[in-house]
Amino acid sequence: MPIRRLNPSKSQNFTLMAQQAKDQRDMLAAKYGGQSLQTRGTGYNLIVNQWFDAACAESSVMLYAFANRTCLNSYYGTIAIGTPPMSYNVILDTGSSDLWLTSSTCGLGSSCGTSPTYDPATSSSFQNLSMAFEIQYGSGAVFGYIAEETVQMAGFSVEQQGFGVVNALSSDFNQNPVSGIMGLAWAPLAATEQTPFWQTLASGGSWDSALFGVQLTRYGNASSATQNEPGGVINMGYTNSSLYTGSIEYYGLVGTPLYWEINMNTLTVQGISIDIAGVSTVIIDTGTTNIAGPATAVASIYAQIPGSQLGTGQLEGYYTYPCSTTVNVEFNFGGNSWSMSPADFTHTQVSSTGCIGAFFVTPLGRGSPSWVIGDAFLKNVYSVFKYSPASVGFAALSETAIAQNGIKAAVPFPTIGSVAAVTNTGTASNTASNTASIGRPLSLLCFWLASASIVFLFL
């Protein structure tokens with residue numbers, strides 16, 4: 001039988017190519033160097049960019065979509081859970097610490113959505129801990145019970161991983177095919193009081209290096225972007241040197257690890273230094289779309305942009321500004337200054353000439369961090385989240401990483417790693433669950449665009 005070589009498409013996902021090359025190297029080392037793949041210390045999970053910054057911007061009803069949250073933004077990856085393993089898509093959120101999935105018995109009708117759901121009856125490793133939990137977000141919530149399961153991601157497995165099985169939720173939490181959230185912050189933040197998946201691996205010596213790296217793509221200025229696009233990658237146990245240049249600059253966390261919280265020294269807009277009242281603390285949050293800050297500082301930012309106006313009604317806390325204005329922003333966290341692309345300052349266009357900016361006002365309570373910095377900035381750097389010493393690192397993106405922005409390529413297949421998981425397509429049965437007591441209906445609308453994770457600040 002003749003053998004044909006398939007020439008790779010020019011639009012092939014560069015991250016996938018780089019990771020496949022790494023896999024070949026690791027396999028060769030295992031085959032000839034006596035290394036066991038069972039003790040492998042690195043892994044990766046390809047990410048999907050869902051509705052992130054393009055689909056809403058192209059809508060003919062852009063303002064309606066923004067005000068009514070019909071385009072919900074997220075970067076999601078894939079986990080496998082249960083025995084036998086079933087795969088689920090989960091938002092990767094460094095601003096929260098809980099892992100939860102929507103249950104097959106989610107009982108509030110359409111609020112449970114159409115995403116695949118988790119059915120405990122199909123898994124022999126499921127253990128119900130018989131403890132109810134509730135996570136209250138800004139204007140939405142999830143309710144359910146705590147259980148333990150075998151959870152796998154990026155080639156790693158944690159048995160008896162605690163997580164939330166959700167029986168009721170705001171309708172805006174899950175946009176098909178997303179079934180839940182994978183919290184990537186620290187254990188003390190978890191409402192379920194369970195150690196996060198990543199922290200178990202990092203603290204237990206499962207990784208070559210006790211850290212994970214994240215690279216996110218940009219599609220907001222890609223005219224042909226669709227609902228789901230290649231979103232980048234999360235590297236577990238190592239940093240992917242093909243995705244960044246130079247060195248990684250690390251910043252120690254503020255106080256006892258809870259959030260990924262660091263100091264911000266300066267913020268400049270159009271070359272003008274913004275008054276941030278000295279050194280301000282910031283949360284680095286992949287689960288937040290934009291950038292939240294104090295009212296006075298955000299007002300100062302837009303004061304540098306002629307024609308800016310404070311939004312009203314559904315746009316309260318946001319500002320509009322002329323789309324024709326190129327806005328240059330730089331952050332400094334104690335070393336290098338990091339630029340944010342003008343394309344990322346534009347969240348979405350709401351009229352023929354008006355755009356909504358990425359910076360918005362949030363009423364953070366006393367004692368809370370001053371800022372929450374989300375993906376509008378993080379798309380511009382390779383980010384590293386380090387277990388010990390607890391710190392956040394940034395590095396400049398490589399040409400390989402930058403070339404992935406707006407690329408026309410297939411959405412990545414699930415990259416769970418060590419197991420072949422069945423893709424779950426089941427949806428909620430709309431039957432009320434008897435596992436946890438949840439008696440009140442939800443009429444809450446989650447302000448997801450600002451980010452589900454930011455609202456943990458109000459707890």
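Accessible areas here come from the Shrake-Rupley method with a 1.4 Å probe, and for residues only the protein chains shown count as cover. The structure is a predicted model, in which local features need pLDDT of at least 70, side-chain atom pairs count only at pLDDT 80 or more, and totals for chains, interfaces and linings use all residues. Residues are numbered from 1 along each chain as its sequence is written, and side-chain values use heavy atoms, with hydrogens and water left out.

**Exercise 1.** Describe the surface and interior of the protein chain.

*Solution.* Begin with the surface: the protein chain exposes about 18400 Å², and carbon and sulfur atoms supply 51% of this area. Then turn to the interior, where buried residues (under 20% relative accessible area, 1.4 Å probe, protein chains only) make up 56% of the 459 residues.

**Exercise 2.** Work out the surroundings of Asp344.

*Solution.* Next, check its cover: Asp344 is buried, with a relative accessible area of 3%. Then list what Asp344 touches (contact means heavy atoms within 4.5 Å): leaving aside residues up to four places away in sequence, these are Arg218, Ala358, Ala376, Lys379 and Asn380. Finally, look for polar contacts (a pair of N or O atoms within 3.5 Å; within protein, one must be able to donate a hydrogen and the other to accept it, and residues adjacent in sequence count only if both atoms are side-chain atoms). The side chain of Asp344 makes one with the side chain of Arg218, at 2.8 Å, and another with that of Lys379, at 3.2 Å.

Key: Buried < 20%, exposed > 50% of the residue type's maximum accessible area, 1.4 Å probe, protein only.
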